[in-house]
Amino acid sequence: MASEPHNTSEALLQVTNVRLDFHTYAGEVKALDGVTFTVREGEVLGLVGESGCGKSVTASAIVGLLPENAHVSEGEILLEGQNLRNISHKEMRDIRAHKVAMVFQDPTTFLNPVLTIGKQLEEVVLLTTPERLAEIAAATKASKDLKGEESAKTTEEKTQASSKLSRFERKKVARALSVDVLNQVRLPDPDRILRQYPHELSGGMRQRCMIAMALARNPILFIADEITTALDVTVQAQILELLRELKHKVLGSTLLITHDLGVVAELCDRVAVMYAGNIVEIAEVNELFANPLHPYTQGLMRAVPIIGRPLAGLEPIQGSVPDLIHPPAGCRFHPRCPFAFEKCKIEKPPLIQRGEGHSVACHLYGEKKP
Amino acid sequence: MTQPILEVKDLRKWFPVEGGGLFSKQKRFVKAVDGVNLEIKEGETFGLVGESGSGKTTVGRCIIGLLTPTSGQILFRGQDITKLKDDSATRAGTKLGIVFQDPYASLDPRQIIKSALTEPMTYHKIAATEEEALAKAKRLIELVGLNEDHLYRFPHEFSGGQRQRIAVARALTTNPELIVLDEPTSFLDVSVQAQILHLLADLQKELKLTYLFISHNLSVIENMSDHVGVMYLGATMETADKKTIYRRPEHPYTHALISALPIPNPSLKKNHELLSGDIPSPVDIPSGCRFRTRCPYATDYCAQKEPLLTAREQSHEVSCHYNLSLSSPIPLTQTA
Amino acid sequence: MMTKRRSSWSAFTAELKFAGHLLTQNKLVLAGTIMAVAVLLLAMLGPIIVSPSAATNIDTSQRLIPPSFQHWFGTDDYGRDLFKVIILSIRLDVSAMLEIVLAGLFIGSLLGAFSGFIGGKLDEGLMRITDIFFSIPSMILALAVAAALGTGINNLILAIVVVQWPGYTRILRGQVLAEKERLYVDALRALKIRRFRIIIWHIIPNTIYPVLVQATLDFGQVILTFAGLSFLGFGVSALVPELGRLITAGELYIFQAPWLIAFPGLTILGISLAFNLMGDGIRDILDPRLRR
């Protein structure tokens, strides 16, 4: 049984043994094959792998945004102990609104081109719970009528109190909150930006807006899916710097999905390496780079061009990513693995712990070695 | 000093923009390439690096003949290929090859690989008969790491990496001397990327090719190039040999570009030099030095006069008014 | 294993076979296709099944006999067995239909492809010309051209081709405008291959599908136009077995011998319907796959 060492009390998101298939006319795509990992409170977990390994699918599964033909056959996804697999659509929507915020790679398709940034931010902000709106209203000097809020103590009273907020007042609060988050993402001149349309902003600015929209919901879990991949290097550096700042101040726990090991090294606390629908290794970031155990992780690090290391030191991983309709038996990496032996072709290696906080799914590290 | 195989002199490519109202007389241009100078020596790899809007792809397309420059010269072995017409243009053109960025779109989906390879050979009469062309196609397909049965398949039956290999084979059908590689690995997975880079390096040695390697990825450029040119907003900012550019860049843009790169080594503490703002639009290029709006060292003079690409030392040219002594952007504990 | 020599055109025949396989899965389409195939067979085998003399055998003693066991569709004004004459006329109508569509397709596609790819004034000019053609209702235009050209089946065919080609030009031009921006076209230009070759050998095979689909849909409409104009007096002469002509002859006896109009009319309807259904099916099957 796959397991990952964790302190249950700290785990914010627990993904356990998730299996997911896509029903397509060409066959069953076995996209996720028992994915297990945890995101602890306050940490940034990097989920790294090449395209097609299933990392984006995993994120979609967490937030419940899977396409029609996807079917989760096994496993659990626990957010703060609540199983996300057997909740209603409405409950899932609430979770997406208030607890989990997801930011995607391409801000152009994510933002509505016919609405101003202000309008879109407002939409998001107004999703905020009445309690928080009331808090903000109380904090800001929105209206004299709101003095009643300060003495309201029970949730009920607060809800009642905030429902007294007129539409106009709610909009004012929403605007104030919008400006606030735009400041947090270091966008200059927020008032102007609120009036602009997405196409008037650059790629980097749009990405910041998306992050702002995520922040506005005050989520407990932030999922970032390849958010710097489409950006230029200098802009990417700015966004990474922003995320570093936010990491300690505002962002709660983060699941950072990327294929770029450099981004992982710069932002993550812990890293999970994914290949063909499996988690093959999990470790703390320093440990992973210093001591990669899984042959795929090792291969990946050797295959990435690095400044200063000559071309001769660049080692490709032979072969190519497997067809997930007919995946290899046993360990899905075995056809490309330089260390594969008989057992690898038959039995899928479980994720076991090898050292402090370091787990790996590979028969080389099992009880019995060849 | 031997003549460089390719020289680009003050190349400009401006695209007119339909702008203004019905009555606007002012013509606006997207100045995609706005003054590019570079020299490539035979047998070496010249890395052209830049972010979006830099114009590097447009330079590649001008060199290969897909676009006609607005002004400037492109000299292949001393001959200005922009001035050639018809047959001589074709002859010169076949000495240049190109591999495009998107392996999924660069092959005719309805053409089997064998035809894709034999077509240029029979068209240009490089092979006298179909049999000869087929034999050569077999040699080429094996040279790029695939085998003979692959010749009888369609592009969609191959993976991205394999298609790129086919694209390389196709570029080689006309016996080119210089190949423009336009982001050849950007669409490929990391592990496949390494395979293609090695293939390109091996082919270069074996066939004595010259490469113009265009990319936005600084690590790939560093691995593959002998000489590097940095472009920003249509113009060359700096050119130098690889070691100099990465260790002692003198242009603030080059410096920022290199230091912005995330390094896959968490134990190295880096001081990222961050540029402020975003890349301006190529329709509205800043006056004077085009980089000044983001440059931490810009002065008033920078807004008045555009700096020229001038040599600071042997084959190290910089386009900047000032002699800034910038520290190395790469952390010293980086692997040598 | 024997590897056949293939070109990009044969990719396309391979796909036609696959489409054919899918064709058999939709009931209505299947019915239409079977009917269409039957029609084509009749067209080819007509003169073998039925002696051509049935059209010229004038026997005034057998005039205007209603449908009976000896004469399934009755006899016409000349004493000819209507059933036999209709079988013979299918050949003429169907081959005219095919000729018209193929000619229109050929001319229209070439014009559209070159116009779209090369652009500029040639393109502008051609589009204005097609505009003119579109502004006149097709039946009337065909009528006018047929009248100008005179009688005779070839003139009639030509007249309808004149009406058909602009449609194909438009479709193909639209496809080509998009296709020429694709990266493989740049790759071919970078290899210094001239435009002519690119258009014929690469662009057209990749863009011809929607035009072919339109062509199969057009069969039904074309045969109606052809028979219709024939009915009006253009095209063939009196005794030649042709469906429209049969209706002309039958018009005189509309009340006495309604079968003279009914059966030819139903035949025209049947042929048109068969090809329409088949065309619909082909369009539906090929459409999602067209977005390759």
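## An exposed lysine in chain B

Lys125(B) counts as exposed because it has 7 C-beta neighbours inside 10 Å, where exposed means 12 or fewer other C-beta atoms within 10 Å of a residue's own, buried means 20 or more, partly exposed lies in between, and C-beta atoms are placed from the backbone. Lys125(B) is found in the loop between α3 (113-123) and α4 (130-143) of chain B, and its C-alpha lies 9.7 Å from that of Thr174(B), although the two are 49 residues apart in sequence. Helices (H or I, at least four residues) and strands (E, at least two) are DSSP runs, numbered from the N terminus.

## Basis of the model

This is a predicted model, in which local features need pLDDT of at least 70 and side-chain atom pairs count only at pLDDT 80 or more, while totals for chains, interfaces and linings use all residues. Residues are numbered from 1 along each chain as its sequence is written, and chains are lettered from A and ligands numbered from 1 in the order in which they are written.

## The open sheet of chain A

In chain A, 4 strands form an open antiparallel sheet in the order β2-β1-β4-β5, two strands being paired if DSSP finds at least two bridges between them. The edge strands, each pairing on one side only, are β2 (27-40) and β5 (82-83) of chain A. Strand β1 (residues 11-24) of chain A pairs with β2(A) over 10 bridges in the antiparallel sense, and Ala11(A) stands opposite Arg40(A) in β2(A).

## A parallel pair in chain A

Strand β6 (residues 100-103) of chain A pairs with β7 (residues 221-225) of chain A in the parallel sense over 4 bridges, with Ile223(A) in β7(A) as the bridge partner of Met102(A). From β6(A), Val100(A) and Met102(A) point one way and Ala101(A) and Val103(A) the other way, and all are buried.
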